[in-house]
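Hi everyone, thanks for making time for this. Let me put the structure up so that we can walk through a few of its contacts together.

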Amino acid sequence: MTRALNIALRTAHIGAMGTLLGGHAFDVAPERLMLSLWLTIGTGVALAAVETGLRLLWFHQGRGLMTMAKLALLCAVPLAWDYRLPILLAVIVLGSVGSHMSARYRYYSVIHREVIPDACGPGGRPSR
């Protein structure tokens, strides 16, 4: 159930973000993009809630810090409207790097100063 929810939320998040970025790249009227912005933020928050598993560990690991940075940048879009396209491109870069960085960085805790896997999957690797 959690995996299906994660996939559904991630799909909605990518769709909303793609619409948002494309709209800003092609200078679509701001009022037409607000729904995409709020859907991107909302699905991002929901994904974070699923990822945390209601544990605080996620918040001080590389994966949580990257996600919180993306959400902060998205929330900055209405406040820094003239810089919205570079902000959204930075969100894309953070999302891509954060999703594909090695477990050594994704699961590194800045508080404990060590890698703390959330749960181990096949081969002893942290599961996503």
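Let's start with Arg84 and Asp27, whose side chains meet in a salt bridge at 3.2 Å, N to O. By salt bridge I mean a side-chain nitrogen of Lys or Arg within 4 Å of a carboxyl oxygen of Asp or Glu. Arg84 lies in helix α4 (residues 84–100) and Asp27 in the loop between α1 and α2, so this pair ties together parts that are 57 residues apart in sequence. Helices here are DSSP runs of H or I with at least four residues, strands are runs of E with at least two, and both are numbered from the N terminus.

Before going on, a word on what you are looking at: this is a predicted model, where local features need pLDDT of at least 70 and side-chain atom pairs count only at pLDDT 80 or more, while totals for chains, interfaces and linings use all residues. Residues are numbered from 1 along each chain as its sequence is written, and side-chain values use heavy atoms, with hydrogens and water left out.

Now, is Arg84 buried or exposed? Arg84 is buried, with a relative accessible area of 15%, whereas Asp27 is exposed at 58%. The cut-offs are under 20% for buried, over 50% for exposed, and partly exposed in between, with a 1.4 Å probe and protein chains only.

How many salt bridges does a search of the whole structure find? The answer is two. Glu51 lies in helix α2 and Arg10 in helix α1 (residues 2–25), so the pair ties together parts 41 residues apart in sequence. Glu51 counts as buried at 16%, and Arg10 is partly exposed at 30%.

Next, the aromatic rings. The count comes to one aromatic pair: Trp58 and Phe59, edge-to-face, 5.0 Å centre to centre with 90° between the planes. For such a pair, ring centres of Phe, Tyr or Trp (its six-membered ring) lie within 6.5 Å; planes under 30 degrees apart are stacked, over 60 edge-to-face, and the rest tilted. Trp58 is buried at 2% relative accessible area, while Phe59 is partly exposed at 36%.

Please keep your eye on Phe59, found in the loop between α2 (30–52) and α3 (62–76). Phe59 also belongs to a nonpolar surface patch, whose other members include Leu56, Tyr108 and Val115. Together the patch residues have about 710 Å² of accessible area, from the Shrake-Rupley method with a 1.4 Å probe, where for residues only the protein chains shown count as cover. Patch residues have over 30% relative accessible area and no salt bridge; like charges are joined within 9 Å, and nonpolar side chains (Val, Leu, Ile, Met, Phe, Trp, Tyr) within 5 Å.
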